[in-house]
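Take a look at the model below.

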Amino acid sequence: MPDAAPLLPYLVFDFDSTFTQVEGLDELADIALAGQPDRAERVGQIKALTDRGMAGEIGFQESLAQRLALLGANRRHLAPLVAHLQTKVSASIRRNAEFFRRFADRIYVVSSGFREFIEPVVAEFGIGPSHVLANTFTFDAEGNITGCDPANVLSRDGGKIRQLVLLDLDGPVYVLGDGYTDYQIREAGLAHRFYAYTENVSRPSVVAHADEVLPTFDEFLYQLKLPMTLSYPKNRIKVLLLENPDARAAELFRQEGYQVEQVKGALDEDELIARIEGVSILGIRSKTNVTAKVLAAANRLIAIGAFCIGTNQIDLPEAMRRGVAVFNAPFSNTRSVVELTLAELIVLARRIPEKNPKMHQGEWDKSASGSFEIRGKTLGIIGYGNIGAQLSVVAEAVGLKVIYYDMAEKLQLGNAVKAKSLEEMLPQADIVTLHIDGRPENQDFFGAKEFALMKPGALFINNARGHVVDVPALAAALRSGQLGGAAIDVFPYEPKTNSESFESELRGLPNVLLTPHIGGSTAEAQRNIAEFVPERIMEYINTGNTQQSVNFPNIQLPTQQAHRLIHIHANVPGVLANINNVLAQHHVNILGQYLKTNELIGYVITDINREYDQDVIQALRAVEHTIKFRVLY
Ligand SMILES: NC(=O)c1ccc[n+]([C@@H]2O[C@H](COP(=O)([O-])OP(=O)(O)OC[C@H]3O[C@@H](n4cnc5c(N)ncnc54)[C@H](O)[C@@H]3O)[C@@H](O)[C@H]2O)c1
Ligand SMILES: O=C(O)CC[C@@H](O)C(=O)O
């Protein structure tokens with residue numbers, strides 16, 4: 001980017017809750033009052049006074065005098081305070097430390113806080129003492145803080161205004177701060193713009209008066225086209241979370257600085273199309289179908305997070321064609337499904353689905369008829385993937401014999417025996433459980449023919465996907481007694497929200513346990529998923545690494561001191577050569593490059609040695625067959 005120094009206005013920064021995430025005096029009180037019985041109460045009083053002062057409810061001088069009286073601080077508390085504040089610099093300011101060092105002569109920190117702790121904190125950012133305008137403490141002979149220097153204009157009401165008059169800056173002035181006194185500089189005509197800085201605190205009375213609101217410093221740099229560490233402010237990234245994933249997911253995205261919007265249930269195609277514009281990250285579970293039409297309407301979509309294992313609800317090839325990476329949580333709820341399946345096969349073997357409702361109706365039906373132990377029985381597992389294989393181990397531990405069938409070659413665990421076909425397996429199994437994935441080819445995978453091959457009176461479990469079983473055939477097998485019972489957690493159509501009723505011909509059939517798709521619905525699984533998926537997506541957005549993506553070539557390139565470019569293109573010959581020709585024509589040196597392709601797309605991460613200019617970016621975007629191009633940093 002070109003050097004913006006001559007164009008840069010003077011930037012006047014507030015310190016407390018703007019440059020740093022906290023209020024210096026509040027933190028000093030916390031340190032000074034450590035070990036005192038009334039610490040919490042006094043710190044609370046000091047914070048309340050700070051807030052009232054910042055919101056303009058009481059005069060600054062009055063707020064300061066009252067706070068200092070409560071403080072009881074000493075000179076020896078200042079060193080630990082500084083060390084603490086150095087760890088509390090606002091994230092986006094620390095991220096752009098280079099900007100501060102480069103333009104330090106245009107930056108002033110004007111604060112009603114105290115020079116004793118501000119100077120050492122901002123020094124790390126190249127801002128020298130002459131560009132720090134703040135109060136100074138007064139001390140008694142024992143080093144106790146007694147007050148502040150009354151001669152300093154900043155100790156009085158309207159102090160920041162007077163300070164700006166004294167500064168007499170010879171160019172446009174932009175003020176960035178979280179407090180009312182920062183806005184007053186603009187109100188007094190001493191600044192051209194006031195930016196309400198809300199990264200740490202957002203005060204309605206201040207925001208209401210702002211020319212612009214800045215959720216981060218990146219946003220300021222982006223708006224003014226100034227050099228910045230990120231290529232795009234994180235606060236502009238919109239996340240839409242559907243189907244209520246664990247609250248941790250929204251928390252992690254918000255911590256990253258993204259805007260998060262949540263919808264409790266699933267959305268149908270039209271509803272999603274109406275919401276998807278401007279969304280960069282879409283989070284769903286198993287009930288929202290992300291179709292080609294939805295993807296066509298998604299003008300800013302970078303990634304989709306499936307907060308579950310299954311991804312059959314997403315048009316993965318179309319997402320790929322549009323350069324949208326999809327991530328899921330392939331193992332986070334595996335154990336939960338295994339435990340449910342184990343419980344179900346015991347419960348079905350004891351005909352509990354029939355006995356429990358009878359008890360609730362007052363009927364005592366004590367009988368061993370149709371009940372059996374699972375010890376020594378044969379469990380047939382269809383689909384020996386993550387869930388099927390783990391179930392195999394647990395089932396053997398409780399005395400079941402395991403026979404499994406999978407279309408792919410799988411590592412045989414324990415004493416499990418592989419069946420070459422369903423025809424070989426089904427007549428042998430006392431209980432059959434499905435754990436295949438939901439790919440479209442598996443539609444009606446298990447139907448009348450397969451039920452007929454099972455042992456008469458055997459049990460059937462489907463915790464995989466609803467559409468892989470022919471439900472009318474299942475109902476017929478249950479009614480005829482060919483099946484002794486079934487546990488079903490997944491259905492071809494599932495209600496979108498808890499307020500929609502559940503319709504199925506399986507309702508009311510004997511020894512049938514129906515559950516509302518809760519195989520993975522445990523606190524542990526949901527928490528694991530809510531961490532796993534956002535972490536993968538943020539890693540992709542921040543570094544370009546596609547590790548564990550279900551539709552993108554998986555690339556993991558270590559970060560290095562470089563600028564990183566991400567290029568997604570149709571997998572046709574010559575694209576990489578064209579990218580490298582553009583870089584060579586612009587004299588850009590490649591420090592590292594990795595290309596991986598799959599059947600539809602090519603994905604290239606390129607690390608380059610110097611700041612890119614807009615011409616290179618435009619030329620790279622124009623490379624034929626480009627699907628998406630992103631500059632990461
Ligand atoms: N009920 C729930 O809440 C819940 C929770 C998690 C996962 N699931 C579902 O469970 C299923 C299994 O999950 P997983 O993590 O073990 O998946 P996985 O991908 O690890 O395993 C699936 C296995 O099925 C095999 N397979 C696919 N189609 C087959 C076919 N036609 N014939 C034979 N084998 C076939 C694959 O080769 C693979 O080994 C998925 O459908 C998933 O969506 C449901
Ligand atoms: O929680 C869900 O909606 C889906 C759970 C499960 O089917 C999965 O695919 O992980």
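Ligand 2 is surrounded by R285, S286, C308, I309, G310, N333, G519 and G520. A residue counts as near a molecule or strand if its C-beta atom, placed from the backbone, lies within 6 Å of it. By class, this shell holds 2 nonpolar, 5 polar and 1 charged residues. Ala, Val, Leu, Ile, Met, Phe, Trp, Tyr, Cys and Pro count as nonpolar, Asp, Glu, Lys and Arg as charged, and the others, Gly among them, as polar.

The model is predicted: local features need pLDDT of at least 70, side-chain atom pairs count only at pLDDT 80 or more, and totals for chains, interfaces and linings use all residues. Residues are numbered from 1 along each chain as its sequence is written, while chains are lettered from A and ligands numbered from 1 in the order in which they are written.

Now turn to ligand 1. There are 28 residues around ligand 1, and G310, G383, G385, I387 and G519 come nearest. Two elements give two or more residues to this shell: α17 (334-349) and α19 (386-397). Helices (H or I, at least four residues) and strands (E, at least two) are DSSP runs, numbered from the N terminus. The largest share, 3 residues, comes from α19. The shell around ligand 1 divides into 10 nonpolar, 14 polar and 4 charged residues.

Next come the sheets. One open sheet has 5 strands in the order β10-β9-β11-β12-β13, with parallel pairing. Two strands pair if DSSP finds at least two bridges between them. β10 (259-263) and β13 (325-327) stand at the edges with a single partner strand each, so one side of each is left without a neighbour in the sheet. From one strand to the next, the twist averages 15 degrees. Strand β11 (residues 281-284) is joined to strand β12 (residues 303-306) by 4 bridges. One bridge partner in β12 is G305, which pairs with G283.

Helices pack on this sheet. Helix α13 (residues 247-255) touches β9 (238-242), β10 and β11, and its direction makes about 160 degrees with that of β10. Helix α23 (residues 523-543) touches β11, β12 and β13, and its direction makes about 165 degrees with that of β12. Here, contact means that the C-beta atoms of two residues, placed from the backbone, lie within 7 Å. Axes are lines fitted to C-alpha atoms, for helices over the stretch in contact, and angles run from 0 to 180 degrees between N-to-C directions.

Another open sheet has 6 strands, in the order β3-β2-β1-β6-β7-β8, and the pairing is parallel. Its edge strands are β3 (132-135) and β8 (212-214), and each pairs on one side only. The twist averages 20 degrees from one strand to the next. Strand β7 (residues 193-197) and β8 run parallel, joined by 3 bridges. Y195 has E212 as its bridge partner in β8.

Finally, the helix pairs. Helix α2 (residues 24-32) and helix α5 (residues 78-86) pack at about 125 degrees, with their axes 10 Å apart. That angle makes α2 oblique to α5; angles under 35 degrees count as roughly parallel, over 145 as roughly antiparallel, 65 to 115 as roughly perpendicular and the rest as oblique. G24, E27, L28 and I31 of α2 meet P80, L81, H84 and L85 of α5. α5 also packs with helix α8 (residues 115-123), at an angle of about 40 degrees and with axes 9 Å apart. That makes α5 oblique to α8. In this contact, L78, L81, V82, L85 and Q86 of α5 meet E116, F117, P120 and V121 of α8.
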